[in-house]
Amino acid sequence: MMESAREFFVRLNHDYLKVHKTKEDLFWDTYMAVSDDHAAFARAEQAFKDFIADPSSLAEVRRHLTSLAQLPDNEERRMLRHGLQGWLALFECNIIDNETARRHMHELIEMEAALFSLRREFTMSHLNERGEREEATLGMLSTNMATNPNELARKSSHDALLDLERWVLEHGFLDIVRKRNELAQALGFPNYFDYKVRKNEQMSAEQLFAVLDDFEIRTRAANQLTLANLARDKGEEALKPYNLRYHMSGDITRRLDPYLPFAKGLERWVESFRRLGITYRGALMQLDLLERKGKYQNGFCHGPIPSFVDEQGRWVAGQINFTAEAKPDQVGSGARAINTLFHEGGHAAHFANVTQNSPCFSQEFPPTSMAYAETQSMFCDSLLDDADWLKRYASNSAGEPLPDELIRIKIETTQPFRAFAERSILVVSYFESELYRMSDAERTPRAVLALARSCEQRILGVAQSPRPLLAIPHLLNQESAASYHGYLLANMAVYQTRAFFRRRFGYLTDNPAVGPLLAQHYWAPGNSLSHDATLRSLTGEGFSARYLAEACNQSVDEAWKQAQQIIAAAAQREYPQAYPDSLEARIRILHGREIIADNSQSDGMMCQQFEDWVGAHYPASEH
């Protein structure tokens, strides 16, 4: 019985690696616009879905687990049982156990592939810093609204997002919503939102909204006060959707720009993560960081080869790709780029460090909780707002560090909007929940737009969001649709984690104990533990929203006083002399099919190659 179970388990691992890598490689090529073979990607996606939703595989897993239960206990039996239980969890949360649902899933994959192909050809434009009309990606539109001092130019960016909303509604998105609901109903759920919450987070929609409603109440007064103060100080025009981002960050983003140049982002990511003790255990990492026509307009990380320890005890290092869509000569591009490097690099660190005995534990799809996965990336990008990180890493071309005065102004600018920023995540879940609860007859383009504006008014407190709901790309892909709450749940866990490290060590930036502790408690188990269990393992307490709510409700004076204390302590601190020598990764920096830098010689040489390439191709940018 043991030998039969072992053979089945090994075959399952290797078959999964093959179908998973085929799908992920095609995903990367089509999303990076180096291939337009959307039909091949749809076939590979279907093959992957068929694999993880195969009832016969589930039956086999259950049969072997029953057989193993009858054998004497030993280490081999325990490890084999552990691996098979991982597969049991994966199959049980992905299984499609009736022909009607399988047909809906197949049709849904084809519909989404068709919409993605059309979306890639849809172009948007706005007025840039020079007053010229140019094609613009989602990232460029967002950055322009945050940094362009010309209100007409900012409005052109927001108008482009509103055009995208209308385009989405006119090109099949509502048919996809209907089909998603049909899939969920065939599986016994009232709608797709309820299905995804249960599948992704092992929660009911009611349990989720108990958490979200509580957070909404805790941060409502702070958000209302900020908007009232902004209207009083800047006038009602400041509440226009194309003005809000500018008042939240515009002038400070421009003033910070020389200290956060795009070309230095790679070096600062490598050095900061290395000094945190984060390593990638031999992973191959490919980073495509620059905007390009047809390329997917949102950062993401995915792993064609999930890391694990194989049946012979050999380490299988991960292969991990991640992307940004920066335009180096645009003000604010450096800040966006390094945020993406820290965020997606945090995902990569997580998935490169799962040390279980099957790839089912180290892939990003259910039963891996989105909130659990996003906790890792959002913890890493949270460091970028820390005063000690800014003092140690943000410097201009003359090597001068960021002045304390700019850190103070940054806090004065952004702290009042902390609640608004988190509620901008919150609003997506309220909208999607109601969208999937509408009847097909009610769900017209006009009604859906009205619902979007109503949710924005209720949760954000403004008539239109700076980022209109239907312009958010996550809504279009079934893996990320009805999952946006994962970001908010993750940020709650992030601030709980940060509080633990501050209590234990007093600091985070360049603390080499951080990476190993994250690897031990958060990353190594993969999805074999729940999100709550990983939090308890590290912090000693279960999931809590308290820490994030407290951060949102801090006054400017409180936040600046805390920053001053952090800066002063960092100036007195004796940092370790010995950090890891490298990230322990093979890294390639790509631009489509072109390799523009790599670390085959050293991390330092790669960073210099990247900086030189940016300088040659974007001479107007600060580098």
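Which residues of helix α22 (residues 546-553) are buried? They are Tyr547, Leu548, Ala549, Ala551 and Cys552. Here buried means under 20% relative accessible area, exposed over 50%, and partly exposed in between, with a 1.4 Å probe and protein chains only. Helices (H or I, at least four residues) and strands (E, at least two) are DSSP runs, numbered from the N terminus. The cover over the buried residues of α22 includes α10 (205-234), α17 (418-437) and α19.

A word on the model before going further. This is a predicted model, in which local features need pLDDT of at least 70 and side-chain atom pairs count only at pLDDT 80 or more, while totals for chains, interfaces and linings use all residues. Residues are numbered from 1 along each chain as its sequence is written, and side-chain values use heavy atoms, with hydrogens and water left out.

**The cores**

A nonpolar core is a set of buried Ala, Val, Leu, Ile, Met, Phe, Trp, Tyr and Cys residues joined through side-chain atoms within 4.5 Å. The largest one has 166 residues, and the members that touch the most others are Phe173, Trp269, Tyr280, Met285, Leu287, Phe431 and Ile589. Helix α19 (residues 485-505) gives the most to this core, with 11 residues. Apart from this core lies another, of 25 residues, with Phe9, Phe48, Ile52 and Leu68 among them.

Take Trp269 as a place to look around. Beyond residues up to four places away in sequence, Trp269 touches Tyr280, Met285, Leu287, Phe322, Leu341, Phe342, Gly345, Leu583 and Ile587, where contact means heavy atoms within 4.5 Å.

**Two packed helices**

Helix α1 (residues 2-31) packs with helix α3 (residues 55-68) at an angle of about 145°, and their axes are 10 Å apart. Axes are lines fitted to C-alpha atoms, for helices over the stretch in contact, and angles run from 0 to 180 degrees between N-to-C directions. From α1, the residues Met2, Ser4, Ala5, Phe8 and Leu12 meet Ser57, Glu60, Val61, His64 and Leu68 of α3.

**Aromatic pairs**

Rings of Phe, Tyr and Trp (its six-membered ring) pair if their centres lie within 6.5 Å; planes under 30 degrees apart count as stacked, over 60 as edge-to-face and the rest as tilted. By this rule there are 35 aromatic pairs. Two of them are set out here.

| Pair | Centre distance | Plane angle | Class |
|---|---|---|---|
| Tyr484 and Tyr487 | 4.8 Å | 65° | edge-to-face |
| Tyr507 and Tyr575 | 5.7 Å | 85° | edge-to-face |

Tyr507 sits in the loop between α19 and α20 (514-523) and Tyr575 in the loop between α23 (556-572) and β8 (585-591), so this pair ties together parts that are 68 residues apart in sequence. Both Tyr507 and Tyr575 are buried, and Tyr484 and Tyr487 are buried too. Elsewhere, ring pairs link Phe27, Trp28, Tyr31, Phe41, Phe116, Tyr296 and Phe300 into a cluster.

Gln356 lies in the loop between α13 (333-352) and α14 (370-382) and is buried, with a relative accessible area of 15%. Its C-alpha atom is 6.6 Å from that of Pro525, 169 residues apart along the chain. Leaving aside neighbours within four places in sequence, the contacts of Gln356 include His82, Phe308, Ala524 and Pro525.

Ser480, in the loop between α18 and α19, is buried as well, at 16% relative accessible area. With neighbours within four places set aside, Ser480 is in contact with Lys196 and His474. Ser454 belongs to helix α18 (residues 445-460) and is partly exposed, with a relative accessible area of 41%.
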